[in-house]
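Please keep the sequence and the model in view while reading.

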Amino acid sequence: QVQLVESGGGLVQAGGSLRLSCAASGSIFSIGAMGWYRQAPGTQRELVAVISSSLSTNYADSVKGRFTISRDNAKNTMYLQMNSLKPEDTAVYYCKMTMGWTDGTRRDYWGQGTQITVSS
């Protein structure tokens, strides 16, 4: 069983910063891609940023230059540094990790979500 636990959400003023963490625990053999997603009320969940096992990254255009995704493989943890936050960044943020096992199977796991609210 694998669990992802997110932390670091909250309320911040526009222009401020927050750092999200997502820690994986349980029966982990290997972790492939990791990513952050967000969902605002009335909208579909969207990709914010993703980082591969080789540390290549990709960002949504709306967050490029403001958000930075990183990972610490020794701690099975992923981070999202969010700077210059805007009210339109307000959403529930979810982390996702792709786990792999020796038999070749892979499965995606999601965190529980954490609310980010940016006030104007």
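Two strands are said to pair if DSSP finds at least two bridges between them. Strands themselves are DSSP runs (E, at least two residues), as helices are (H or I, at least four), and they are numbered from the N terminus. The model is predicted, so local features need pLDDT of at least 70 and side-chain atom pairs count only at pLDDT 80 or more, while totals for chains, interfaces and linings use all residues. Residues are numbered from 1 along each chain as its sequence is written, and side-chain values use heavy atoms, with hydrogens and water left out.

Strand 1 and strand 3 run antiparallel and are joined by 6 bridges. Within this pairing, Q3 stands opposite S25 of strand 3. In a regular strand the side chains alternate between the two faces of the sheet. Strand 1 has a covered face made up of V2, L4 and E6, and its uncovered face consists of Q3, V5 and S7.

Strand 3 also holds S21. With a relative accessible area of 18%, S21 is buried; the word means under 20% relative accessible area, whereas exposed means over 50% and partly exposed lies in between (1.4 Å probe, protein chains only). Leaving aside neighbours within four places in sequence, S21 is in contact (heavy atoms within 4.5 Å) with V5, E6, S7, W36, M78 and Y79. A charge is taken to sit over a ring if NZ of Lys or CZ of Arg is within 6 Å of the ring centre and within 35 degrees of the ring normal. Elsewhere, the charged end of R45 sits over the ring of Y94, 3.7 Å from its centre.

What ties strand 3 to strand 9? C22 and C95 form a disulfide, with their sulfur atoms 2.1 Å apart. C22 lies in strand 3 and C95 in strand 9, so the pair ties together parts that are 73 residues apart in sequence. A disulfide is here a pair of cysteine sulfur atoms within 2.5 Å, and by this rule the count comes to 1. The torsion about the S-S bond of C22 and C95 is about 55°, so the disulfide is right-handed. Both C22 and C95 are buried.

The interior comes next. In soluble globular proteins, nonpolar side chains tend to be buried together. A nonpolar core is a set of buried Ala, Val, Leu, Ile, Met, Phe, Trp, Tyr and Cys residues joined through side-chain atoms within 4.5 Å. The largest one has 30 residues, and those with the most contacts inside it are L4, W36, L80, M82, Y93 and M97. Among the elements that give two or more residues to this core are strand 1, strand 4 (30-39), strand 8 (77-82) and strand 11 (114-119). Strand 9 gives the most, with 5 residues. Not counting residues up to four places away in sequence, M97 touches several residues, including L4, C22, M34, N76 and Y109.

W101 and Y109 are edge-to-face, 6.4 Å centre to centre, with 65° between the planes. Rings of Phe, Tyr and Trp (its six-membered ring) pair if their centres lie within 6.5 Å; planes under 30 degrees apart count as stacked, over 60 as edge-to-face and the rest as tilted. W101 is partly exposed at 26% relative accessible area, while Y109 counts as buried at 11%.

The turns complete the picture. Strand 4 and strand 5 run antiparallel with 5 bridges, and W36 has A49 of strand 5 as its bridge partner. Their hairpin has 6 residues between the strands, and G42 takes a positive phi near 80° there. Strand 5 is also antiparallel to strand 6 (residues 57-59), through 3 bridges. In the hairpin of strand 5 and strand 6, with 5 residues between them, L55 in the turn has a positive phi of about 75°.

Most residues other than glycine have a negative phi. N76, in the loop between strand 7 and strand 8, has a positive phi near 50°. S84, in the loop between strand 8 and strand 9, likewise has a positive phi, of about 50°. N76 is partly exposed at 23% relative accessible area, and S84 counts as partly exposed at 40%.
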